[in-house]
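Please keep the structure in view while reading.

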Amino acid sequence: METSEQSTHLVVVIDVLPTTALLLDDGTLYEKWLNAIIAFCNSHLLLNANNKLTVIATGCEHNTIIYPVDREENGNETIPGQYPLFSTVTRVICSQIKQLVSKARYSLEKAERAEDIPQSLMAGAIGIGLLKINRLKSEVDSSRVAIVTACNDNSTLFNSQYMNFMNVFFTAQKMNVVVDACIAVSNNNYEQDINLSILQQGCDLTNGLYLKISNVSAFLEYLLWTLLPDAETRKKLLLPTQKKISYKAACFCHRNLIDIGYVCSVCLSSELITTKTQ
Amino acid sequence: MANALRVDLDEEHKGYRWETEYERSWEAIRENEHGLLQPSVDDIVNKAKRKRIQDRRKMRLGMMRHLYIVIDMSESMHEHDYKPSRIRCCLTLVQNFLKDFFDMNPISQIGIIITRNKRREKISELSGNPKAHLEALKKLFDIECVGEPSLQNCLESALDTLKHMPSHTSKEVLVIFGSLTTCDPSDINQTIEVLAARNVRCSVIGLAAEVRICHSLAKQTKGTYNVALDESHLKDLLYDHLNPPPATANTESSLIRMGFPQYYNEDEGKPSMCVCHLSNNVNFSTSGYFCPQCNSKYCELPVECQVCGLTLVSSTHLSRSYHHLFPVDMFTVNEYANGVICFGCQIETKTAAQCEHCSNLFCIDCDLFIHESMHLCPGCASRRLQ
């Protein structure tokens, strides 16, 4: 039996993309979503006094580490009866997200067509998270990355960052860092998207969980039940089963998915030529 | 025998360490302002690492590797200068090396040869399946190290297989040699010439002291020869071979036929047996990878189909090696008297490395991590390309 609790370093990557369906809906949903994330962060710190937390916000212009911050602004007002660390976390995340979202809203208004709206730079954010994990790895027993987003996750999204994503996922896999993703989709466009997305591949590679949630009111419950327990505890829980996915290669000439192809011996796959597309 | 091993000293050989001027190597280490020596040592180590990364760029690499690992299992491997013993230390390191090797070189193949009692034994044939090699290695822990090694026999045996390999592959032999002598049936210099002509790159890691014949073997076949100082140095030397070597000029490039099998989850396919576990503890299930050509089932990838011979890989195996092709550019290191905040881990540092593209500053630890493991500059990835 384990006598002492295992300390964990959790990196939460929050996507503040302007296309966030929740943001465009009514304000209350977004608030619920954000509150759930903050409660999730606090619960993580509550589990063990040695637990570490890093929160990174990823937007379409830049990525920002929003917690921990070095300089504390407007004093330390604490809510009586609340653990001061929690109120700090809550205040810092709220104020930083507020700033970022208002900036993001500005760029949303600038973009005229829906296609112009850029995607968030999530691979970079995970990269920063991994550097942070690498720095703190001697202080904790295990580290995890949790991606929370409300973007409309489909197979074409993030294609331009494919290489970056693959690099960070392979690094995470090598460092034994589990990458989880929790995606909130609004009710109306919740469709059975059978195409696999890049995040799904990342979660599969690192043995993480990939969740798609349509009910934002239950978001916190999902987070607490599935993403909060560490890899050791997860073995004992009955979690949503992860379907193993087959990675098909796409040929470089037509971007068709192929079963059998020819791979260049020097650059590997840069010259995939289709023979039979079955 | 000693006469046979004598090779003409070449001009550029700068002689042995003990023949050169007295080196005051300890003077390079200085105390910092807090009276600590460690930062200075770390600095030297970091500089060496950076240099190694820098040396590796702008080369065409032999990505498809056929590597024979030769392990000396002669009496000299019983020595305890490496803990717990030379052979144990060596076998443990090779085990870890194998795991990482297939991670970094997904479509490469490895074979293992041991030498003892003046002869060689092929422990595992050239294959791309790490499991078979690991099992073979495990058995070596119980084998006793006896007699003298035979370098020539090992090289000949490796050559027998490697000479039939297609010319687009990188043919390599890695010898881990603990003995200071070798007992060979005929002139080893002739074998070395054939190896060089066949483009087989032979590298040697010595465990005891520099041996003349190993040096000339490595030199003539364009390999490397190093003698390990201790366990951690041995590990570093061994792990240097994880990265694909630069391709030799007469390596052809060609297209290799590969299959990308479909995976069926539990309850998706029909129950069947996998081809990889036919002989022992048969795996009867509905899940597995199915060869797109002959539809035989496998539990794991990458594997060469036993029925139709098609190489089966997953596309992630291929994208794993992309970072060799698109490395991150080197950062420039500068001193900042007032201290700067690292873009990645947010610590304050006086020595920072700057990315030329995104101008973000990173501490030295992050810099090394980016170039050695991540192969992605988070600063550039956190910036929109116009």
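Axes are lines fitted to C-alpha atoms, for helices over the stretch in contact, and angles run from 0 to 180 degrees between N-to-C directions. Helices (H or I, at least four residues) and strands (E, at least two) are DSSP runs, numbered from the N terminus. The model is predicted: local features need pLDDT of at least 70, side-chain atom pairs count only at pLDDT 80 or more, and totals for chains, interfaces and linings use all residues. Residues are numbered from 1 along each chain as its sequence is written.

**Helix packing in chain B.** Helix 3 (residues 86–104) and helix 8 (residues 231–239) of chain B have axes that come within 11 Å and cross at roughly 35°. Contact means C-beta atoms, placed from the backbone, within 7 Å. The residues that meet are tabulated here.

| Element | Residues in the contact |
|---|---|
| Helix 3 of chain B | B:C89, B:L93, B:F97 |
| Helix 8 of chain B | B:E231, B:L234, B:K235, B:L238, B:Y239 |

**Chain A.** Chain A holds eight helices and ten strands. Of the contacts in chain A with a separation of 6 or more, 73% join residues 24 or more positions apart.

**Interface.** Chain A gives 48 residues to the contact and chain B gives 44 residues. On the chain A side, helix 4 of chain A supplies the largest share, ten residues. Strand 9 of chain A and strand 7 (residues 255–259) of chain B pair (at least two DSSP bridges) in the antiparallel sense, over five bridges. There, A:G261 has B:M258 as its bridge partner.

How values were computed: Chains lettered and ligands numbered in written order. Contact = placed C-beta atoms within 7 Å.
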